[in-house]
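Good morning, and thank you for coming.

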Amino acid sequence: MPVKPPRPRGPHLNAMRFFESAARLGGFTTAAEELSVTPGAISQQVKALEDWIGAPLFKRRSQGVELTALGESVAGEFEDAFDALGSALHRLRAEA
């Protein structure tokens, strides 16, 4: 069954998850702690996402990161999407 609209070929799911966590928590270090990875892994995956879209999502500063206007504008949608995915997984497991 075709999906409408067609799903675009995109970046790795981890890149999107790492962006969502860093945006929600306000930094790469706190996102790394939540996801049990290194801050470097967060940075690398976010950079891959930024390269794929062709625009920065974070302003990198000496004392941390800050969302760009673009990052801020989409962060909520990513949070909602991962909340929905978590809910679907919870329901799947509960009904199995």
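The structure holds three aromatic pairs, a pair being rings of Phe, Tyr or Trp (its six-membered ring) with centres within 6.5 Å, stacked if the planes are under 30 degrees apart, edge-to-face if over 60 and tilted otherwise. The rings of F19 and F58 are edge-to-face, because their centres lie 5.8 Å apart and their planes meet at 65 degrees. This pair joins distant parts of the chain, with F19 in helix α1 and F58 in strand β1 (residues 58-61), 39 residues apart. Helices (H or I, at least four residues) and strands (E, at least two) are DSSP runs, numbered from the N terminus.

The model is predicted: local features need pLDDT of at least 70 and side-chain atom pairs count only at pLDDT 80 or more, while totals for chains, interfaces and linings use all residues. Residues are numbered from 1 along each chain as its sequence is written, and side-chain values use heavy atoms, without hydrogens and water.

Both F19 and F58 are buried, where buried means under 20% relative accessible area, exposed over 50% and partly exposed in between (1.4 Å probe, protein chains only). F19 also pairs edge-to-face with F78, since the ring centres are 5.2 Å apart and the planes are at 80 degrees. Here the link runs from helix α1 to F78 in helix α4, 59 residues apart. Ring pairs join F19, F28, F58 and F78 into a cluster.

In α4, the buried residues are G71, A75 and F82.
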